[in-house]
Amino acid sequence: MATNNNLQNYELMVIFTPVLAEDDFKGAQKKFADFITENGGKIVHQDAWGLRSLAYPIAKKTTGLYWLLSYQATTDVNAKLEIQMNRDENVMRQMVTRLDKYAVEYNAKKRNKLAEATTA
Amino acid sequence: MAKQNDIKFLTSTRVEKRQKKYCRFKKMGIRYVDYKDAEFLKKFLNEQGKMLPRRITGNSLKFQRKVAQAVKKARQMALLPYVTDLLK
């Protein structure tokens, strides 16, 4: 596991503009997910929340398409990723959070619970 | 001069014993404060969406800081409002 030592756990949350069609939304997700894997990162989990109303208007829009991605990557990937997202005009807002060990545990537990709920 | 013991009350005095506050994170064993869970974070906000102080929530300093960070992240991602009326 020597190569895994410099990988950090991150979580990316993006709000896309609500005008995107279903296919465009999927395409945009794939674009960023691929960008991370191309730069030597690993996708842990992704979760598209879909259309949600915002707590306050952003860019005169009251709804947004939420997308959540947890991944492992080296530290330099985030800066590159941010440039890519700033360039993309479909992205209204993005945030990268670094996850500590408790957060990873929490997310894994939450995912398992969701998986159980859907199967049961 | 009446001594303290001489004072008689018509009804028995009721001394209210307030319940001790506690840090819910420590008590429930929560170690990560999730910024995505807006409903949970609302417990630490007042009607206007402002953070409640520690003396009211009873959080330990460590977790009050984590809550503050989570609330700020949730606000940034439009899960919680910055300013509002009649939140909750």
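This note goes through the strand pairing and the helix of chain A in a predicted model.

1. The sheet as a whole. In chain A, 4 strands form an open sheet whose order is S2-S3-S1-S4, and the pairing within this sheet is antiparallel. Strands S2 and S4 (91-98) of chain A stand at the edges with a single partner strand each, so one side of each is left without a neighbour in the sheet. From one strand to the next, the twist averages 20°.

2. The pairing of S1 with S3. Strand S1 (residues 8-16) of chain A pairs with strand S3 (residues 61-73) of chain A over 9 bridges, again in the antiparallel sense. One of the positions to look at here is Ile15(A), whose bridge partner in S3(A) is Tyr66(A).

3. The pairing of S1 with S4. S1(A) is also joined to S4(A), by 7 bridges, and these strands run antiparallel; here Met13(A) stands opposite Met95(A) in S4(A).

4. The helix. Helix H1 (residues 22-38) of chain A lies across S1, S2, S3 and S4 of chain A, and its direction relative to S2(A) is given by an angle of about 135°.

Definitions and conventions. Residues numbered from 1 in each chain as written. Chains lettered and ligands numbered in written order. Predicted model: local features only at pLDDT ≥ 70, side-chain atom pairs only at ≥ 80, totals over all residues. Heavy atoms only, no water. Pairing = 2+ DSSP bridges. Helix = DSSP H or I, 4+ residues; strand = E, 2+ residues; numbered from the N terminus. Axes fitted to C-alpha atoms, helices over the stretch in contact; angles between N-to-C directions. Contact = heavy atoms within 4.5 Å.
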